[in-house]
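Open your viewer and get ready to click along. We will go from one selection to the next and look at what is there.

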Protein chains: 2
Amino acid sequence: MNAPGSVLKQGRKWDQVLEGARTVFMRDGFEGASVDDIVREAGVSKATLYSYFPDKRLLFLEVAKSECKAQSDAAIQQIEGSGDVREALTTAAGRMVRFFLSDVGMQVFRIVVGESQRFPEIGREFYASGPQMVRDMLIRFLNRAVSEGKLQIDDVALAADQFPELCKAGLHMQMVLGLRDAVSEEEIDRVIDGAVEMFMSQYGVAR
Amino acid sequence: MNAPGSVLKQGRKWDQVLEGARTVFMRDGFEGASVDDIVREAGVSKATLYSYFPDKRLLFLEVAKSECKAQSDAAIQQIEGSGDVREALTTAAGRMVRFFLSDVGMQVFRIVVGESQRFPEIGREFYASGPQMVRDMLIRFLNRAVSEGKLQIDDVALAADQFPELCKAGLHMQMVLGLRDAVSEEEIDRVIDGAVEMFMSQYGVAR
DNA sequence: TAATATATAAACTGTTCAGTTTAGTTTATT
DNA sequence: AATAAACTAAACTGAACAGTTTATATATTA
């Protein structure tokens, strides 16, 4: 079940540490979170934390990975199943937008972007356990739709990169930069519909 | 000419300080840059720096604003002029992509995203002097094209949000996260053409 | 040339914080 | 109950760093 990604680990308070770290990192960011805050939140001694994680950065990496995986597993699910492409894309877009705009999603994004220069593996691991998953899923989905004659796409990889971007449509940037603190359901729907509409108008087969 | 945005300012080494700060912030990020590094780079005393800028954050804000303004002034220029919509969009897309993927553009983005939680005005000022400018320019351009019957767009604001996102198409994310360290001209063209193609296939008027 | 502005180097203050160490305690296992 | 593994609190180390102060120097202006 809750495998620790890397080769670190022992004992029984691992989850407790990770949960405390999650809370504090999500609240205060990477630099903003002190290890002392984390141990206090986790109800654990500093020595225990350091017996699990060699340093703060690795601890954050573990938190980010587990968050990402949880979210993108949920977001990926079966696009499969539903026969209608338009419907499937709408569903997928909904999941994506809600993920991008969730507190956790945005906070992880902020931290990862901010720290990936100093700690490149943070960027890599985040990408691999988040955006990459979605991208791969979309590529599979689009390839299937193409081979079934439901879509017509020359460059599937490009299309798989375009769709998630369309799902941001300015909202993500505004939220991440703190220009707004909420987005209404109407706006979300408007963006989703706009994304699907635009995507289908290029790649949909004429009927 | 080089007005200092806010109401701070005096004497003759202002530019020198700003230039040194620019260099160091762009190289090391916000937290990574120490004020001592900056004064060393600028060839200026710490006291002088602090006589111009009340604190490090404000100093960075000034750097970010001036970078942003320079870049987005250049990027905005006249889309106007050229009568062909497709051509104008292609040109604009080229400027945008090259801006997103430039060292300065990415570094400012990284820092702003990373720090805008702790310092909300950084996010606001960045947005106002960068993305907002582009957005407004696009809205004006699209409205004109619509009224001239060259494009058909219901929701111009949405379209103006979609186009820049299309210009990112995964590349921006990969670069910002440090998964790549360069993008070929071919890839850039592919993304630009893809963006224009998709945009026109929805909003272009049938001919 | 005297007076005023601006600049400088360098030492200092105060704080924050990651990571370590120590000496002792709790929990599980046999 | 004995033993070992995991945990604890708390003090400590060492370094980094923002911002201040002081005493001095160099331009600029009147």
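**A tour from domain to DNA**

Start by selecting residues 11-71 of chain A, which UniProt lists, in an unreviewed entry, as "domain: HTH tetR-type". UniProt positions follow the numbering used here, feature names are shortened, and annotations may be inferred rather than shown by experiment. This is a predicted model, where local features need pLDDT of at least 70 and side-chain atom pairs count only at pLDDT 80 or more, while totals for chains, interfaces and linings use all residues. Residues are numbered from 1 along each chain as its sequence is written, chains are lettered from A and ligands numbered from 1 in the order in which they are written, and side-chain values use heavy atoms, without hydrogens and water.

Colour your selection by secondary structure: residues 11-71 of chain A are 75% helix and 0% strand. Helices (H or I, at least four residues) and strands (E, at least two) are DSSP runs, numbered from the N terminus.

**DNA strand D**

Next, show the residues near DNA strand D, where near means that a heavy atom of the residue lies within 4 Å. There are 17 of them, and the closest are S45(A), T48(A), Y52(A), K46(B) and K56(B).

Now zoom in on some polar contacts (pairs of N or O atoms within 3.5 Å). A polar side-chain atom of K13(A) is 3.0 Å from a phosphate oxygen of DNA strand D. For a contact with a base, select K46(B): an N or O atom of its side chain lies 2.8 Å from a base nitrogen of DNA strand D.

**DNA strand C**

Move to DNA strand C, which has 16 residues around it, with V35(A), K46(A), K56(A), T48(B) and Y52(B) coming nearest. Then try Y52(B), whose side chain has an N or O atom 2.7 Å from a phosphate oxygen of DNA strand C. Highlight α3(B) too: with three residues, α3(B) gives the most to the surface near DNA strand C.

**The two copies**

Finally, show both protein chains. How can chain B be laid on chain A? A turn of 180 degrees with a shift of 0.0 Å along the axis does it, with an RMSD of 0.1 Å, after least-squares superposition on the C-alpha atoms of residues with pLDDT of at least 70 in both. That is the relation of a two-fold axis. To find the axis, select G114(B), whose C-alpha is the nearest to it in chain B, at 2.0 Å.

Key:
Polar contact = N/O pair within 3.5 Å; in protein donor to acceptor, adjacent residues only side chain to side chain.
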